[in-house]
Structures are given as structure tokens and as C-alpha cells.
Amino acid sequence: MKLKIALLAGDGIGPEVIDQAVKVSDAIAKKFDHQIEWMPALTGAVAIDAVGEPYPDSTHEVCLASDAVLFGAIGHPRFDNDPSAKVRPEQGLLKMRQKLGLFANVRPTFTFPSLIDKSPLKRERIEGTDLVFLRELTGGIYFGERGRKDDGNTAFDTCTYTRSEIQRLAKKGFELAMTRSKKLCCVDKANVLESSRLWRETVQSMEKDYPEVEVAYEFVDAVAMRLVQWPNSYDVLITENLFGDILTDEASVISGSMGLMPSASVGSKISLFEPIHGSFPQATGKDIANPLATVLSAAMMFEMAFGLHEEGALIRKIVDQSLEEGIVTEDLIEGNDKAYKTSEVGDYLASQIK
Ligand code: IPM
Ligand code: MN
């Protein structure tokens, strides 16, 4: 099969972890006789430096010409500490999501048996955890009206949702629940927010179309709490953009490191795959970042964008093997055990696939 993949390494550790996903994907392509055409393009702070904007039209063209996008990370500290910056790397990511119509962000949280004791939570609370957030990605407070008033002394951001935006996200949630344990949790703040009441009303009205799915409605603050108490009690969760941003970061570390969880952003023809972690500026260029979240994002890409399930499963198997064998980066190291470099983990994974 011919696979055209736009490669957006981005900022910080993005290029380093993307390199490992490329190695692994190339090894998979060789083994299963696929031809991958990698199509690199600029995004983030590196794109601002090169052409003055974080998601240039030329990059959008590359994405449109691809079958799938593999993305690293975006962000640079020099913008974080400058609230007055006019152009920010993150704007590139938001523009890309919007222009590619990626309205649903699929963010799983699962555990690896060999890492159970690396989790900040106790074993009995996380064993069996296998949940998926569907985070709405192109609406809400991220894209609502915002600004300043009163000579700059008042600021506002607005959270707006339409019924159809909620429906299309919820539909994916119901459909995903049907393929799993048929449990769906709608996360909102309907006791306070009008937009959340529209979420709840909309999801309630869809229940009759999926009679087998058991729907629970929970407030976001309670979910934040229960996620660290009993993460293994959840299955599929749907929520709006900002709640999803926060809860998926919280959930992602349950597995033992922030460097482990992959994600997919879907909506229209072209899907995007990226690690949940960010650009990790402190580690940039040191060859120490954990590449597994990006490698597992490539596995999701093989499965979801190309229907190549055997390929995805093999990547997962090799990743499990690397964890069991202790071929891991320093974030997963105990005591005096040897920490492997980012590139060494990638080399190991690729060699095992061959
Ligand atoms: C994420 C990130 C982004 C977001 C930032 C970089 C704009 O935190 O993908 O979760 O808030 O959506
Ligand atoms: Mn985030």
C-alpha cells in the first residue's frame, strides 16, 4: 500500500520523538511491503522563525495532499513568558485543527502491566484501566469571542457551542461506546454553564438512537476527582474542548509517565496523530525524551487512517516488549538501572520489527 504521510515535527522534543516514529514506521513498511512517502512541513515556533506564521499555507497544502498527518509538538518558552506576543506557536495548532476539520480528539488512557508500579496511583486503583476521552476540538472557549475592555483591565473568553457541534462529537462517542463496553460518560458543568446544559440536553436526546448504551452524566469537577480515585471505572468519556484538555493531561500520567499516551484527531478526510505530551523544552536536543507516545501514535495511524491493524498491533507488541526488557528512557528508570536514549529506544524498536 502507498501511504502519503505529512510529517510535522514542530518544536522542542518534537523532531526527536518524530524521528523514532519514522524509524519504526519505516521498519513496518519494509516488513509489510508498504511504500511510505514522508512529506515534511513546518509548524510551530520553527515556522514562525522561518516564515513568520505557525501554520503557513504551504504546510496546509502538504497536509491536504497527504493521507494522514503525524505531528510532534508545538510551543516554545520564549512565547510562554511573553503574554503580549502577537503570533504564538499554539495558534498554529488551533488553525490546523480548524482548517483540517479535526473536531474530535481521541485520547486513550491505558496501563502497561510492566509499569503498574510506576503510576502515581496505587495498583488496585489503576489495574484494568482502559478508557478513552473524546474531546471536542474545534469549538468552545478555544475558538469563542475573546478580548479586552476597559483600557485593558477586563478580559473575556467565551464558550459557545451549537447543537450540531455537540451532536457530531457525541455521535462518535456513542459509536465508540458500541464497540467497547457500551458505557458512555458525558462530562459537563450543567449545574452552572448554559453551554453544558445544551450538551446534556443534546446527548440525552440521542440516547434513544443507541438503546444499548448506558449513559452517565457527571460534572467535570467530580470526574477530575474520580479519575484519580477509580480510573478503571470509566470507559468512553465525551466532553468539550477545555475540560477535555485538562482531564486528558490528568489521565495521561496514570500510566506511569507523561511520555506514553498517543492520540488521534479526526473529523474529515485527513486525520492527525500526535503524542499527548507537549514540547518539553527542558529536554530539547538532549536525546532523553520518551518516544513511546509518538510511536504509539504511529500505531494508531496505521490502524485508524489506513485500516492496517496487524501493523498497529505489531508496534504495540514491540513497545510492550521494550518496557518489559527495560529498554526505556530516563523517565521510566528505577534506581541505578540504565537509561536509554530516545534514539536508542527507537533503534531497538525498529530492529525488533525487522
Ligand atoms: C493539547 C495542547 C494544546 C491544547 C495547546 C498546545 C494549544 O495542550 O493538544 O492538549 O490546549 O489543545
Ligand atoms: Mn493540552
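**Briefing: core, overall form and salt bridges**

In this predicted model, Phe112 touches Ser255, Leu260, Met261, Leu296, Val319, Asp320 and Leu323, leaving aside residues up to four places away in sequence. Phe112 is also among the residues with the most contacts inside the largest nonpolar core, together with Leu70, Val319 and Leu349. The protein chain has 354 residues, of which 54% are buried.

**Nonpolar cores**

- The largest nonpolar core holds 70 residues.
- Helix H11 (residues 292–306) supplies the largest share of this core, 9 residues.
- Both domain 1 (1–107 + 268–354) and domain 2 (120–255) contribute at least three residues each to this core.
- Another core, of 14 residues, lies apart from it and includes Cys63, Leu93, Met96 and Ile270.

**Overall form**

- The protein chain contains 13 helices and 12 strands.
- Its radius of gyration is 20 Å, close to the 20 Å given by the globule rule for 354 residues, so the chain is as compact as a globular protein of that length.
- Along the principal axes, the C-alpha atoms fill a box of roughly 55 × 50 × 45 Å.
- Of the contacts in the chain with a separation of 6 or more, 75% are between residues 24 or more positions apart.
- The chain exposes about 15400 Å², and carbon and sulfur atoms supply 51% of that area.

**Salt bridges**

- The whole structure has 20 salt bridges.
- Glu334 pairs with Lys118 in a salt bridge, with the closest N and O atoms 4.0 Å apart. This pair links distant parts of the chain, 216 residues apart: Glu334 is in the loop between helix H12 (309–325) and helix H13 (342–353), and Lys118 is in the loop between strand E4 (104–110) and helix H6 (123–126).
- Lys171 and Glu175 form a salt bridge whose closest N and O atoms are 3.0 Å apart. The two residues are 4 residues apart in helix H7 (residues 163–179), so about one helical turn separates them. Lys171 counts as partly exposed because its relative accessibility is 42%, and Glu175 counts as partly exposed at 35%.
- Arg180 and Asp235 meet through their side chains in a salt bridge, at 2.6 Å from N to O. This pair also links distant parts of the chain, 55 residues apart, with Arg180 in the loop between H7 and strand E8 (183–188) and Asp235 in the loop between helix H9 (220–229) and strand E10 (236–239). Arg180 is partly exposed at 26% relative accessibility, whereas Asp235 is buried, with a relative accessible area of 8%.
- A network of salt bridges links Asp117, Arg123 and Glu127.

How values were computed:
Residues numbered from 1 in each chain as written. Chains lettered and ligands numbered in written order. Predicted model: local features only at pLDDT ≥ 70, side-chain atom pairs only at ≥ 80, totals over all residues. Heavy atoms only, no water. Core = buried A, V, L, I, M, F, W, Y, C linked by side-chain atoms within 4.5 Å. Buried < 20%, exposed > 50% of the residue type's maximum accessible area, 1.4 Å probe, protein only. Domains from an automatic or database assignment. Contact = heavy atoms within 4.5 Å. Rg over C-alpha atoms; globule rule 2.2 N^0.38 Å. Areas by Shrake-Rupley, 256 points an atom, 1.4 Å probe, with all protein chains shown as cover.
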